[in-house]
Amino acid sequence: MNSPELTLRRQNVDQNKDGDETLIGNPCSSINSSVSDATNSLEARRLRLELRFFFQNPIQKWNARHRFPYKFLLQIIKIILVTAQLCIFAESRYNHMNYALNNKVTFSHLFVNIWDSGREVLNYPPVSGPLAVYQKTDFYESVNFAINRYGNLSDSIGPYSHLRKNNRTHPLELCICRHVGRQDLTNQLNEQCDRWNVLQEDMYNFSTEDFLKSQNFTLDFELLQSLSLEFPLLAHIKKIEDTRCSLFIVRIDYNNRNLDGQLLISLTSNLNKLKCPEDLYTEREREFFMDILNATIILICSFSLILCMRSIVRAQLLKRKTADFFRRVKGVELSMEGILEFWNFWFIMIIANDILIIIGSILERRISRNEYDSTEEWSFCSLCLGTGNMLVWFGVLRYFGFFKTYNVVILTLKRAFPKMARFLLCTLIIYAGFVFCGWLVLGPFHIKFRSISRTSENLFSLVNGDDMFATFTILDTNNLLLWYYERIYLYSFISLFIYVVLNLFLSVILDAYETIKEYYLHGFPKSDLQQFIYECESDPFSDSLIRDDLEGYDHGLWCFCKKIFNWIRLPSR
């Protein structure tokens with residue numbers, strides 16, 4: 001029901017200076033003789049104002065109804081908390097990975113007899129060849145060295161010890177995979193793996209040949225596929241301010257699957273944190289702080305997720321109502337451009353980052369309590385928190401878009417995106433042709449073309465002008481035909497993509513930018529939905545309807561509290 005004040009205010013608006021009932025020259029407030037036309041006019045006016053209010057930004061809504069922008073405040077609090085969470089987790093992850101990599105280098109020195117310190121530095125191009133052995137005596141010596149070092153672990157400087165179970169040292173696992181026949185070496189079904197446990201008392205002065213003979217096993221290098229050694233190591237680090245316990249699963253692989261005369265050696269170590277019995281109070285205090293932070297972030301992101309999903313649902317309901325009005329009253333269908341305006345990209349992005357941050361916070365909590373602590377969990381948690389935080393910061397651009405001078409980048413990308421997508425699709429076809437050709441022709445002779453992914457990365461680097469001279473010169477072949485072909489291939493690719501493709505791509509973006517500049521000067525084109533919304537911008541009912549009649553449309557927290565308060569006061573009237 002309309003209040004008497006609202007009725008009186010409408011009567012005052014509808015009367016002009018001479019006492020007429022309508023405003024002359026204003027089609028939005030004219031009263032038609034037909035009842036159906038009057039109904040349609042009132043329905044259109046109310047729908048127009050409802051749409052106008054729906055598409056207003058928080059600043060405009062504050063000016064229109066003084067509604068507190070709690071969604072904006074929620075996003076500000078969220079960005080502060082998730083950034084603090086990311087900084088804490090990034091520091092913890094860096095320490096974790098740095099500790100794991102340093103220990104891997106230590107294990108390489110301890111258990112690989114031919115390890116060289118030069119391999120610890122990443123060089124490009126590589127200054128050393130593959131880590132491999134080429135003679136049987138070297139192979140046996142390398143395996144014996146690793147097992148003997150594991151048995152004499154107490155001689156190492158690091159705080160390592162054997163994992164003990166039932167007062168016995170955990171044995172070392174020796175695994176040999178080989179083909180059981182010579183006929184079909186490519187058939188994986190003919191591969192057989194034999195496993196043995198080497199006890200600690202057998203590790204001192206260990207001889208691989210004698211051990212295999214005692215097991216009635218003959219090692220045939222023509223059929224050998226791989227040999228692996230796997231063993232656990234405990235690391236117990238004591239500090240004044242911290243105590244850490246870790247479990248490393250070390251694996252040394254001797255790979256002979258290529259049967260090319262070189263037996264490749266590789267070492268991997270998986271780090272798992274353990275709970276120390278003498279954990280200090282500072283560690284428990286840190287866990288309590290992180291639990292509070294993660295719980296707060298999960299609560300805020302859940303609330304933000306619900307609000308954004310509610311806004312999307314309301315937008316779809318309003319879209320259905322608007323499309324029905326266009327179909328029933330105007331006799332036309334709402335255009336696709338108008339339909340897309342009801343899909344708010346920013347809300348979809350906020351929903352995505354809320355989901356990622358909630359998942360990342362749950363994983364971070366479990367990692368901090370050592371419930372999850374493998375490399376995969378750390379990596380997945382980093383992916384969720386990093387991507388979520390990136391999308392949160394991208395969402396700040398939405399609020400800059402409320403000001404015309406800061407909205408140029410977003411409008412330019414939005415305008416150029418369809419043309420950019422079509423242009424990149426055509427470019428991708430040409431790029432794929434160069435990738436496959438380079439991989440096939442130059443892959444066997446060039447380090448930068450050894451695989452499809454490496455070829456693509458190399459060509460993308462060339463587009464950006466990276467390391468061109470080295471790409472031309474690093475060709476390991478004396479074939480004159482391939483030498484000339486490589487030059488023609490690289491010159492063609494660089495000329496096409498740098499001088500043609502990149503310039504055309506920039507011209508697409510610049511054309512969109514110039515178009516946006518013209519729109520700022522002469523006005524932006526309006527879809528059929530926007531033309532309907534702003535068809536009567538001087539509607540005399542705007543203020544009254546927005547402040548009063550549309551009060552039921554806003555289901556915000558403040559409005560809900562007002563309704564509850566009025567309902568409680570109702571019996572006393």
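The structure is a predicted model, in which local features need pLDDT of at least 70 and side-chain atom pairs count only at pLDDT 80 or more, while totals for chains, interfaces and linings use all residues. Residues are numbered from 1 along each chain as its sequence is written, and side-chain values use heavy atoms, with hydrogens and water left out. The chain contains 17 helices and nine strands, where helices (H or I, at least four residues) and strands (E, at least two) are DSSP runs numbered from the N terminus.

- Among contacts between residues at least 6 apart in sequence, 70% join residues at least 24 apart, where contact means heavy atoms within 4.5 Å.

**Annotated spans and helix 9**

- The unreviewed UniProt entry carries the annotation "transmembrane region" for residues 292–313, 343–363, 423–442 and 488–510; the positions are given in the numbering used here, feature names are shortened, and annotations may be inferred rather than shown by experiment.
- In the model, residues 343–363 are 90% helix and 0% strand, with end C-alpha atoms 31 Å apart, and residues 488–510 are 100% helix and 0% strand, with end C-alpha atoms 32 Å apart.
- Helix 9 (residues 345–368) has 24 residues and should span 34 Å at 1.5 Å a residue, which agrees with the 34 Å between its end C-alpha atoms; the expected span is 1.5 Å times one less than the number of residues.
- At the start of helix 9, a side-chain oxygen of Asn344 comes to within 2.9 Å of the backbone nitrogen of Trp346.

**Aromatic pairs**

- Rings of Phe, Tyr and Trp (its six-membered ring) pair if their centres lie within 6.5 Å, and planes under 30 degrees apart count as stacked, over 60 as edge-to-face and the rest as tilted; by this rule the count comes to 27 aromatic pairs.
- One of these is the tilted pair of Phe434 and Tyr489, with 5.6 Å from centre to centre and 55° between the planes.
- Because Phe434 lies in helix 11 (residues 408–442) and Tyr489 in helix 14 (residues 480–522), this pair ties together parts that are 55 residues apart in sequence, and both Phe434 and Tyr489 are buried.
- The rings of Trp483 and Tyr484 form an edge-to-face pair, since their centres are 5.0 Å apart and their planes stand at 90°; Trp483 is partly exposed at 36% relative accessibility, and Tyr484 is partly exposed at 47%.
- One aromatic cluster is formed by Tyr99, Phe107, Phe111, Tyr150, Tyr160, Phe231 and Phe248.

**Buried residues in helices**

- Leu307 is in helix 7 (residues 281–330) and counts as buried at 9% relative accessibility; leaving aside neighbours within four places in sequence, Leu307 is in contact with Tyr70, Lys71 and Leu74.
- Leu307 and Ile351 are 44 residues apart in sequence, and their C-alpha atoms are 9.4 Å apart in space.
- Thr427, in helix 11, is buried at 12% relative accessibility and touches Phe497 and Val501, not counting residues up to four places away in sequence.
- Ser382, in helix 10 (residues 375–400), is buried with a relative accessible area of 18%, and leaving aside neighbours within four places in sequence, Ser382 is in contact with Phe89, Arg93 and Thr387.

**Loop residues with positive phi**

- Asn216 has a positive phi of about 55° although it is not a glycine; Asn216 lies in the loop between helix 6 (208–214) and strand 7 (224–238) and is exposed, with a relative accessible area of 74%.
- Leu259, which is not a glycine either, has a positive phi of about 50°; Leu259 sits in the loop between strand 8 (243–255) and strand 9 (263–274) and counts as partly exposed at 35% relative accessibility.

Notes. A polar contact is a pair of N or O atoms within 3.5 Å; within protein, one must be able to donate a hydrogen and the other to accept it, and residues adjacent in sequence count only if both atoms are side-chain atoms. Buried means under 20% relative accessible area, exposed over 50%, partly exposed in between (1.4 Å probe, protein chains only).
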